[in-house]
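Hi,

Here is the structure we talked about, with the sequence alongside. Have a look first, and then read on for what turned up in it.

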Amino acid sequence: ASSQRAVFSETRSQMDCPRMSTGDEGSCRAGRGPPAEQHAMKTGFVRPASDLIEVVAGFRQRVSLSSAPPLTLALPARPELFVEFYFGNPYRTRSGHAPSTVLVGPTTRYHTDIEIAGTIDTFTIKFQPSGVHRLFGLPGPLLVDMAEEAGAVEAGFRDLRERLQVT
């Protein structure tokens, strides 16, 4: 159990939005105010099988424990490169709702806020720094400070989304 806590703690500090505080093992709450106003989410993180470790850093799933009022979080600079699949309500940004599958590159500065609201069910694949290039031939520098509909960047993400949605 202690190793699971370390993984969840690492996940929050490396991949989740700022201003999040830990709650029970495997869950977190973001926001301020009384508990009724906080957004509770269950977060799970799994390391990849040994044959994927060179391209994938890990897998994460977030599921809201209840529908909650909207919560706005800042997205700071971060080195991660990941694809995120939204099966519940997609996050909202200044430019509108996130696409159902988004490929997000590393960011060099704060660039937007996200609004989390309603039912959240996301699945994220965090890539190693060279993983997207090794898998799809996409040069990493093109993805810096970018967030694009993943299916438009690489058609294989559409098929993967369909297979994930079934399971």
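**What turned up**

Let's start with T122: setting aside neighbours within four places in sequence, T122 is in contact with R60, Q61, R62, E84, F85, Y86 and Y91. You'll find T122 in strand β11, and at 0% relative accessibility this residue counts as buried.

Before going further, please keep in mind that this is a predicted model. The average pLDDT for the chain is 76, and 75% of the residues score at least 70. Strand β11 is where confidence is highest, at a mean of 94, whereas strand β1 (residues 20–22) has the lowest, at 31. Residues 1–37 have a pLDDT below 50, although the model still gives that stretch 71 contacts beyond near neighbours in sequence.

**Aromatic rings**

How many aromatic pairs does a search of the whole structure find? There are five. One of them joins F85 and F123, with the ring centres 6.4 Å apart and 35° between the planes, which makes the pair tilted. F85 sits in strand β6 (residues 81–86) and F123 in strand β11 (residues 121–127), so this pair links distant parts of the chain, 38 residues apart. Is F85 buried or exposed? F85 counts as buried because its relative accessibility is 0%. F123 is buried too, with a relative accessible area of 19%; the cut-off for buried is under 20%.

Another pair is made by F136 and F157: their ring centres are 5.1 Å apart and their planes are at 55°, so this pair is also tilted. F136 belongs to helix α2 (residues 131–136) and F157 to helix α4 (residues 156–166), so the pair ties together parts that are 21 residues apart in sequence. F136 is partly exposed, at a relative accessible area of 28%, while F157 is buried, at 3%.

There is also an aromatic cluster, and F85 and F123 turn up in it again: the members are F59, F85, F87 and F123.

**The second largest pocket**

F136 and F157 come back here. The second largest pocket holds about 180 Å³ of space. It is lined by 13 residues, and those closest to its centre are I125, L135, F136, F157 and L160. Which elements give two or more residues to the lining of this pocket? They are β4 (56–64), β11, α2 and α4. The largest share comes from α4, with five residues.

Finally, take a look at D145. This residue is not a glycine, yet D145 has a positive phi of about 60°. D145 lies in the loop between α2 and β12 (147–149), and with a relative accessible area of 31% D145 is partly exposed.

**If you only open a few views**

- T122 in strand β11, with its contacts, among them F85 and Y86.
- The F85 and F123 pair, along with F59 and F87 from the aromatic cluster.
- The second largest pocket, with F136 and F157 among the residues closest to its centre.
- D145, for its positive phi.

Cheers

Note on methods
Residues numbered from 1 in each chain as written. Predicted model: local features only at pLDDT ≥ 70, side-chain atom pairs only at ≥ 80, totals over all residues. Heavy atoms only, no water. Phe/Tyr/Trp six-rings, centres within 6.5 Å; stacked < 30°, edge-to-face > 60°. Helix = DSSP H or I, 4+ residues; strand = E, 2+ residues; numbered from the N terminus. Buried < 20%, exposed > 50% of the residue type's maximum accessible area, 1.4 Å probe, protein only. 1 Å grid on protein atoms, 1.4 Å probe; cavity = no way out; pocket = protein on both sides within 12 Å on 5 of 7 lines; lining within 4 Å. Points joined across faces, edges and corners; volume = space filled by probe spheres on them. pLDDT = per-residue confidence, 0-100. Contact = heavy atoms within 4.5 Å.
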